[in-house]
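User: Here is a model I would like to question. For each label, I want the value and the rule behind it.

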Amino acid sequence: MANNEDIFKKVIAHAKEYGFVFQSSEIYDGLSAVYDYGQYGVELKNNIKDSWWKAMVQHHENIVGVDTAIFMHPTVWKASGHVDAFSDPMIDNKDSKKRYRADVLVEDYLAKLEGKINKEVSKAAKRFGDSFDKQQFITTNPRVLGYKEKTEEIKKRLYGAMDANDFEGIKTLIEDLEIACPVSGSRNWTDVRQFNLMFATQIGSLSEGASEIYLRPETAQGIFVNFLNVMKSGRMKVPFGIAQTGKAFRNEIVARQFIFRMREFEQMEMQFFVRPGEELKWFEYWKEERMKWHLSMGIPAENYRFHDHDKLAHYANAATDIEFNFPIGFKELEGIHSRTDFDLNAHQEYSGKKLQYFDPELDKSYVPYVVETSIGLDRTFLAVLSYSFTEEKLEDGSERVVMKIPPVLAPIKAAILPLVRKDGMPEKAREIMDKLKMDYMCQYDEKDAIGRRYRRQDAIGTPYCITVDHQTLEDNTVTIRERDSMKQERIPIEEIAQVIAKRLKA
Ligand code: GAP
């Protein structure tokens, strides 16, 4: 069986070959960590975005959407803390010349310790069979306890050093753990240094006096600075939410994982404004609600897990990630953060404008607390793509690659295929296509043998293939082939739209 790294490579190659994702500016040898979406990629991306927008804005009467500008007043990023603190501690290996996030090197080491614990548990589960008590094992087994103790000690040192901006301490930890560069294998490290992740550019012509502004590193601040506008113009009552999707930019140093970590990417964020003191209740609500959305897409639950933060940002009083089982392991897909009143307070202070809500029930004004849900659109795309990629050996010995994309998200919902290019079949198929395309993204294809056409549709994840054959000309029925089972059924032409609609809902 191929290992996960091989699968990841295959997913990337497939994404390119079938028009999902291309390297940006590829004919000029590409631009690192920047990607373009192709003809099928853009459809899948839009479908994910639509599903999120419906779940957040359409289905919640107290959430509205906005679309704010990428450029913002430079003071926004001073107030939000990004100018002073949006930086990563980086370390270089002197032999490979590769740069790493110092904390991630240590976290990878911790993940290995967790792997060792899991190995002990599964060995013991096998040994003890039905009588195995996992809870007892992990609280008494000396080896597991040893790993756990080591984990806690490392975490304490790492997070202590990060909180205190003690770069020397992080470097010493890396040295003490004897962490080697994955590329050169050496432990020849530079000092740890901070790198700000924001891209800066100039606004205004030089004669007017240009000033430096940033490309936004998150969409959230566009929501905070419009809090008053939306609250007043929409007559919003706490609790209420503001959602938006849009591009964000970060000068990521470690950017080698395809669309997992990009320099230009898209976020889908929602800030939920609540009464102070009620934020943890809403935090729990949004944790559950967001997980429900992920599961509603049809990817099995074992691919998701929560990861509560041990180390909270200075403005947060609770934070969790929803992690997905990517081919590169379980990694963050979405963050849910209880951000207190930090952002609104900071903007109030820097702008001099009151950012408060008058609560008629409490008969007083306050700065609302905020629970944020923040998900990467590209990461969700990668989750769907990597989950869907399936290589199958068929009964007749042949092989097929099929993208088992959840049907509601599939770029093309139905392909219309005349069995042969004569006897009036193309004309009939065109008639069906012209009707169906009014409701669904469809594709007409008459080139090559029918088996090859089915494979092409499998490779882009089309859930239904409609074939017009000799019988169609006699009784106005077609076959509908289901992608995953490859089963075919005969149905009347006038029922095609209904059958597809029903299956897309199932
Ligand atoms: N407003 C909060 C915020 O931006 P974050 O954890 O930095 O929080 C939220 O980012 C989400 O954005 C992440 O969970 C991830 O899905 C996505 N994301 C962050 N950086 C990314 C990058 N460089 N490339 C692709 N997606 C990214």
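Analyst: What follows takes some labels one by one; note that the model is predicted.

User: Why is Ser338 called buried?

Analyst: Its relative accessible area is 0%. Buried means under 20%, so Ser338 qualifies.

User: What makes the pair Ser338 and Asn317 a polar contact?

Analyst: Their side chains come to 2.6 Å. The limit for a pair of N or O atoms is 3.5 Å, so the pair counts. Asn317 is also among the residues that Ser338 touches, including Phe283, Tyr315 and Val370.

User: How do you know that β13 pairs with β16?

Analyst: Six bridges join these antiparallel strands. Pairing needs at least two bridges, so β13 and β16 pair. Ser338 lies in β13, residues 329-340, and its bridge partner in β16 is Val371.

User: What makes β12 and β13 paired strands?

Analyst: Nine bridges join them, and they run antiparallel. With at least two required, the pairing therefore holds. Two residues separate the strands in a hairpin, and Ile322 stands opposite Glu334.

User: Which strand gives the most to the shell around the ligand?

Analyst: β13 does, with six residues.

Key
Residues numbered from 1 in each chain as written. Predicted model: local features only at pLDDT ≥ 70, side-chain atom pairs only at ≥ 80, totals over all residues. Heavy atoms only, no water. Helix = DSSP H or I, 4+ residues; strand = E, 2+ residues; numbered from the N terminus. Buried < 20%, exposed > 50% of the residue type's maximum accessible area, 1.4 Å probe, protein only. Polar contact = N/O pair within 3.5 Å; in protein donor to acceptor, adjacent residues only side chain to side chain. Contact = heavy atoms within 4.5 Å. Lists of a residue's contacts leave out its neighbours within four places in sequence.
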